[in-house]
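Grab a pencil and work through these exercises one at a time. Try each task yourself before you read its solution.

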Amino acid sequence: MSYLNVAEVETAAANLAAAHPSLCQLIALPNSTFGGRTCHALRLGGGAPGSRDCVMVIGGVHAREWGSCEIAINFATDLLAAYTNNASLAYGGKSFTAAQIQALLNGLHLLVFPLVNPDGRDFSQTTVALWRRNRNPANSGGNSNCIGVDVNRNFDFLFDFNATFAAGSGVNTSADPCNPNQVYCGPSAFSEAESRNVRWLLDTNPRTRWFLDLHSAAGDILYSWGDDENQSVSPSMSFLNPAFNAVRGLGGDAAYKEYIPATDLTVAQQLAVVFRDALQAVRGKSYTAKSGFDLYPTSGASDDYSYSRHFADPGKGKVYAYTVEWGTEFQPPWAEMALIVQDVSAGLVAFCLAAPCAANLVAVALSTPTLTFNDVPAGVETSRAAVFAVQTCSAVDFNVTVGPNVLSGPGAFNLPLGNGALPAAPSAAEREVRVWVSFTGTNAGDVTTGTMTVHCPQTGDDFVIPINANTIAQPTVNAVLVLDKSGSMDDPSGIPGQKRIDVLHAAAPGCPTPTASAW
Ligand SMILES: [Zn+2]
């Protein structure tokens, strides 16, 4: 194997989806590139789209950083194969058990978008090896050297850097299409199909909690933020506040640092260290976990945009976002790149295993919107369960705060086992919790309705659950006979002198005498 061309990346993704139809779905991105290409992502993990928390991995944003696509494809390939074979997964000195791989793909969705910028990759692989941008000529003024936008400066985070950064900040962005460092940000945020496709994936997968953008070649895993140093004391000192436009992006000063809640910073660093340590265990490569700003200040980058979304719009979920900077050169010889693929894949798997527990997320869904006691015999006690599907590593409680009350009709609903609860777990694989409700049949024909409210203190959710019951008469016949073979009732019964029909007749006195011919 060697580096994949654009068609080969797309084929590899399509083949994975075709080979694992219940476990891997191919997603076509809505915005075609300037070159007319349609991009694809993969969703790994069963269950309906949106039913699980999600890790998103993207690659190939920068054209010349060839190996990112191979890392993304290899990561998906290895996980799907290990899961399907119920096998363990090993990369050099780092291994994962079969149970861990099962838990990973049973608990999460993985969105893998291996090639965000196919036009740029194709140009880099055929014409100008160190091409970084896409191939959109709209702002080139006809100069072939000035074609393209740096997709990783085109996201909506402090996009207008001339207005939002200090004059001397050194932010690694340019408004000049001909900028020799190829960091032209484009005419407006999300002017490019490639960045719009990434935004679309985030928008259409609102349970994305983690985002990793694969780049090279600094040997880092970068966590938030990328525009300035971090601080956790002053929420108003943030990218949302234009009062700091003149001082943003300078290192070593107190005038401005970007706000990150202390708990978020802890999680962001913890997961970066998990990635770094797993990667190092493969063959000893030592990457650095640090903030994006500690590499250099940026505007419009995918990681800052992803993490900033929930600050800019509290209706959006929080996404912990990272940039991986693999290797030490953009296009290492394939033999070395193959080893880097192993390094980074190990880091990604370890990251995905640790992510749900590190972030302490709790996702709860009610699987039984109504409790129905159907045809309960008079005088008989029976039970039904409110069932909750839970994804978390944390302990979770389900406390009945209202009821179960009767709203109409006779009888009573009770809680024979009290509230529901789950202990902490080592993975976020889906678990079920039951809150049992009992009802004793009253008089035949009665209909009873009720309600119960269950509160989950970890999420703040209140689930109001209607209860319905109806009572029927006690059945008076408690035996069912299943008979077969026509004419067999005339066979000997085993009791001397009696046929089977005689035994049946004796066992059911008072019934009309069946005739053998009727059977
Ligand atoms: Zn890059």
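**Exercise 1.** Does α1 pass α2 in a left-handed or a right-handed crossing?

*Solution.* Some ground rules to begin with: this is a predicted model, where local features need pLDDT of at least 70 and side-chain atom pairs count only at pLDDT 80 or more, while totals for chains, interfaces and linings use all residues. Residues are numbered from 1 along each chain as its sequence is written, and side-chain values use heavy atoms, with hydrogens and water left out.

Step 1: find the helices, which are DSSP runs of H or I with at least four residues, numbered from the N terminus. Here α1 covers residues 6–19 and α2 residues 67–84.

Step 2: α1 crosses α2 in the left-handed sense (the near helix is turned anticlockwise from the far one by less than a right angle; clockwise would be right-handed).

Step 3: look at who touches whom, with contact meaning heavy atoms within 4.5 Å. Val9, Ala12, Ala13 and Leu16 of α1 meet Cys69, Ile73, Ala76, Thr77 and Leu80 of α2.

Step 4: sort the residues of that contact, and you get eight nonpolar, one polar and no charged (Ala, Val, Leu, Ile, Met, Phe, Trp, Tyr, Cys and Pro count as nonpolar, Asp, Glu, Lys and Arg as charged, and the others, Gly among them, as polar).

**Exercise 2.** Work out how α6 and α8 are arranged.

*Solution.* Step 1: the axes of α6 and α8 (residues 302–312) are 12 Å apart, at an angle of about 40 degrees. Axes are lines fitted to C-alpha atoms, for helices over the stretch in contact, and angles run from 0 to 180 degrees between N-to-C directions.

Step 2: α6 is therefore oblique to α8 (under 35 degrees is roughly parallel, over 145 roughly antiparallel, 65 to 115 roughly perpendicular, and the rest oblique).

Step 3: Arg199, Leu202 and Asp203 of α6 touch Tyr305, Ser306 and Arg309 of α8.

Step 4: by type, this contact of α6 with α8 has two nonpolar, one polar and three charged residues.

Step 5: the handedness of the α6 and α8 crossing is right-handed.

**Exercise 3.** Which cysteine does Cys146 pair with in a disulfide, and what does the pair tie together?

*Solution.* Step 1: the structure has two disulfides (pairs of cysteine sulfur atoms within 2.5 Å).

Step 2: Cys146 is joined to Cys178, with S to S 2.0 Å.

Step 3: Cys146 is in the loop between α4 and α5, and Cys178 in the loop between α5 and α6, so the link ties together parts 32 residues apart in sequence.

Step 4: the Cys146 and Cys178 link is right-handed, with 110 degrees about the S-S bond.

Definitions and conventions: Helix = DSSP H or I, 4+ residues; strand = E, 2+ residues; numbered from the N terminus.
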